[in-house]
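Here are some notes to go with the structure you are looking at. Keep the 3D view open and find each residue as we get to it.

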Amino acid sequence: MGKKRKLNEENESKINGCLNSFKKPRTESFNKFDFIDQFNQFRSNLCSDEEIEFNLFKRLYDFLKMNIDKPKFISQIGPLCDIKFVSNLLCRYNCSLNQTDLLIFDILNLLENQMNINFSLISPLVFGKSSKKYYNDLIKYGNILHKKLTPEQVLEYFDQKIMWETLTKMTRFHHKKTKRNKRVIKIDEKFYDPRFVLRSLLQIVKMDSKFNYKIMITSNALSFCFASTSFYDSTLRSLAYAFLQNFQKRLKQQNEYFHQKLLFGFFIDFFKNSIFTVNQRASQFVSQFFARYSKIALTPTNPLYSPLTSFFIQKPFMDLESIPEFFKLFFSSSSENCKEERRWILRLIDDSIFDFNDYQILGKV
């Protein structure tokens, strides 16, 4: 009986050992294939032509965020994040401020900054369903044979009207959060995400190919960057200043015929001379003033062209914490355009005033 008990105990221990072996944590090699299998599921869904729901992007982001610090995760998953995968993300991205696009931007940001995926292989970056053919040709022919987009072609992916609405209202959703400022502004989801727009514009202005200055201005690209100098976010401001610097540099270097070349170079210099610290934040009144004047400077027949242009001749620089030409335009002496000038400056103030600092600047007038 004693021997039977011992045999039974030994058998039970062996069986329990076998069962426990299945309950043990997965080994590193098993984890490796588990990561790859999970990612390949996300990849196959994204690379298909089917509509993708928000939850899939959320699960993909959580998967990357949760595992990115684990050993060898980047070396295993990084090679799978190829041009096809990234381009399919961009094709499903619309650069807007809705939940899906914000999440896709976070995924792209995570891939570039934490997983060290090189986006320069597919630059300049474009987005939306209309970019699918461009990326398919890039995958098909490769970087050497494929013809890159020109700056003008990249700008065509941005809607001029939405660009203008975004730059005139963007300060309302990128403001400094202080105890005094508790106003909640509902964000219009159709507006463009300035984080992507500014990076895209900086890519364009740094391209080796020539670009049409007039198209760069009429597409509201220059205005967008002027308006972005009032962001509280220092990274966004630095992108805007980098664009303005490169734009001015190319304006001086290129011999391309452009009617208002000297004028644009002059008032960008004027803005530059008004900055006394690195990456200084301009008030929203000033940034909106320059953003709107950029469009007016192209049309000398505009009734506001003369009074606004004369402002830059009066002095070499200006105070970035002021409302430019408020008294001149509000108390206009023009018998023909007084109403239009007053309406223009009041609309600028209405679009610019938001937080306590803006009220303080307005109170100094």
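1. One term before anything else: a residue is called buried when its relative accessible area is under 20%, exposed when it is over 50%, and partly exposed in between. Also keep in mind that this is a predicted model. Try the rule on Phe267: its relative accessibility is 0%, so it counts as buried.

2. Now look at who sits beside that ring. A pair of aromatic rings is described by the distance of the centres and the angle of the planes. For Phe290, a buried residue with a relative accessible area of 0%, the partner is Phe267: the ring centres are 6.3 Å apart and the planes make 35 degrees, so this pair is tilted. Phe267 belongs to helix H14 (residues 261-273) and Phe290 to helix H15 (residues 284-296), so the pair ties together parts 23 residues apart in sequence.

3. How many aromatic pairs are there? The count comes to 42. Phe35 is in helix H2 (residues 28-46) and Phe63 in helix H3 (residues 54-67), so parts that are 28 residues apart in sequence get tied together. Phe35 is buried at 9% relative accessible area, and Phe63 is buried too, at 4%.

4. Arg281 lies over the face of Tyr232, 4.0 Å from the ring centre. Likewise, Arg342 lies over the face of Phe330, at 4.9 Å from the ring centre.

5. On to salt bridges, of which nine are counted. One of them joins the side chains of Asp82 and Arg43, with 2.5 Å from N to O. This pair links distant parts of the chain: Asp82 is in the loop between helix H4 (73-77) and helix H5 (83-91), while Arg43 is in helix H2, 39 residues apart. Asp82 is partly exposed at 30%, whereas Arg43 is buried at 18%.

6. Lys133 is exposed at 59%, and Asp137 is partly exposed at 22%. Helix H7 (residues 132-145) also holds Leu145, which is exposed at 68%. Together with Tyr141 and Ile144, Leu145 makes a nonpolar surface patch of about 410 Å².

7. Next, follow Asp351. Its side chain meets that of Lys169 in a salt bridge (2.8 Å, N to O). Lys169 is in helix H9 (residues 160-169) and Asp351 in helix H19 (residues 338-352), 182 residues apart. Salt bridges with shared partners join Lys169, Arg292 and Asp351 into one network. Asp351 is buried at 7%; Lys169 is partly exposed at 29%. The C-alpha atom of Asp351 is also 8.5 Å from that of Phe285, 66 residues away along the chain. Phe285 lies in helix H15 and is buried at 0%.

8. Last, the cysteines. Searching the whole structure turns up zero disulfides.

Definitions and conventions:
Residues are numbered from 1 along each chain as its sequence is written. This is a predicted model: local features need pLDDT of at least 70, side-chain atom pairs count only at pLDDT 80 or more; totals for chains, interfaces and linings use all residues. Side-chain values use heavy atoms; hydrogens and water are left out. Patches are made of residues with over 30% relative accessible area and no salt bridge: like charges are joined within 9 Å, nonpolar side chains (Val, Leu, Ile, Met, Phe, Trp, Tyr) within 5 Å. Accessible areas come from the Shrake-Rupley method with a 1.4 Å probe; for residues, only the protein chains shown count as cover. A salt bridge is a side-chain nitrogen of Lys or Arg within 4 Å of a carboxyl oxygen of Asp or Glu. Helices (H or I, at least four residues) and strands (E, at least two) are DSSP runs, numbered from the N terminus. Buried means under 20% relative accessible area, exposed over 50%, partly exposed in between (1.4 Å probe, protein chains only). Rings of Phe, Tyr and Trp (its six-membered ring) pair if their centres lie within 6.5 Å; planes under 30 degrees apart count as stacked, over 60 as edge-to-face and the rest as tilted. A charge sits over a ring if NZ of Lys or CZ of Arg is within 6 Å of the ring centre and within 35 degrees of the ring normal. A disulfide is a pair of cysteine sulfur atoms within 2.5 Å.
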